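Welcome! Have a look at the sequence and the 3D structure below, and then let us walk through them together.

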Amino acid sequence: MDYRDLAQRLSRRSRVGDRVAVAGPEVGVLSVRASLLAVGFLRTELVLHATGMEEIRVRCAHCRTARRFIARPGAAVPCGRCGYRLIVHHHFSPTHAAYLGFRIDAEDHD
Ligand SMILES: [Zn+2]
C-alpha cells in the first residue's frame with residue numbers, strides 16, 4: 001500500500017506542534033513513517049507503535065521493486081518482477097521502508 005496521499009493530506013492540514021501517532025503491523029507502520037518523513041514531517045513529530053512483526057517489505061537491489069513477505073533477515077524470497085531468488089539482508093532502509101534483498105547467487109555472476 002502506498003501511503004503518500006495520506007501523508008500529503010496530513011501535511012497540508014498539520015500545524016507546528018502537531019504530532020502523528022501510527023499503530024499497526026510493523027510493515028505498515030514503517031511504510032507510513034517513510035511517507036510522512038518524505039513529505040516533511042520530523043522524526044520527533046511521529047509516535048510509532050508496532051503491533052506485529054510477521055511481515056516485512058523487501059526491496060530488490062536489481063529491479064528496485066518492493067514486495068511484502070512473511071520472512072525475516074537471512075531468509076530467501078523470490079522477486080516478483082525480475083524473478084531472482086533474493087536473500088534478505090539485515091540492512092533496513094528507512095527511506096524505502098524495506099529490507100535490502102539481493103540475488104542469492106550474486107557472487108557467482110558478473
Ligand atoms: Zn527484482
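You are looking at a predicted model, in which local features need pLDDT of at least 70 and side-chain atom pairs count only at pLDDT 80 or more, while totals for chains, interfaces and linings use all residues. Residues are numbered from 1 along each chain as its sequence is written.

- Where do the domains meet? On one side, 6 residues of domain 1 are in contact with 8 residues of domain 2, where contact means that the C-beta atoms of two residues, placed from the backbone, lie within 7 Å.
- Helix α2 gives the most to the side of domain 1 that touches domain 2, with 5 residues.
- That side of domain 1 divides into 4 nonpolar residues, 1 polar and 1 charged. Here Ala, Val, Leu, Ile, Met, Phe, Trp, Tyr, Cys and Pro count as nonpolar, Asp, Glu, Lys and Arg as charged, and the others, Gly among them, as polar.

**The whole chain**
- The chain has 2 helices and 7 strands. Helices (H or I, at least four residues) and strands (E, at least two) are DSSP runs, numbered from the N terminus.
- Along the sequence, the pattern reads α-β-α-β-β-β-β-β-β.
- Taken along the principal axes, the C-alpha atoms fill a box of roughly 50 × 25 × 20 Å.
- Of the 110 residues in the chain, 24% count as buried. A residue is buried if 20 or more other C-beta atoms lie within 10 Å of its own, exposed if 12 or fewer, and partly exposed in between, with C-beta atoms placed from the backbone.
- Among contacts between residues at least 6 apart in sequence, 50% join residues at least 24 apart.

**Helix α2**
- Helix α2 (residues 26-38) has 13 residues and reaches 18 Å from its first C-alpha to its last, close to the 18 Å expected at 1.5 Å a residue. The expected span is 1.5 Å times one less than the number of residues in the helix.
- Which residues of α2 are buried? They are V27, G28, V29, L30, S31, V32, R33, S35 and L36.
- These buried residues pack against α1 (4-13), β1 (20-25), β2 (46-52), β3 (55-60) and β4.
- Just after α2 comes G40, which takes a positive phi of about 115°.

- P73 sits in the loop between β4 (66-70) and β5 (76-78). P73 counts as partly exposed because it has 15 C-beta neighbours inside 10 Å.
- Leaving aside residues up to four places away in sequence, P73 touches V88, H89, H90 and Y99.
- P73 and E45 are 28 residues apart in sequence, and their C-alpha atoms are 29 Å apart in space.
- R64 lies in the loop between β3 and β4. Its phi is near 65°, a positive value in a residue other than glycine.
- Why does R64 count as exposed? The reason is its 10 C-beta neighbours inside 10 Å.
- A97 lies in the loop between β6 (85-93) and β7 (98-103), and the phi of A97 is near 50°, a positive value in a residue other than glycine.
- A97 has 24 C-beta neighbours inside 10 Å, so A97 counts as buried.
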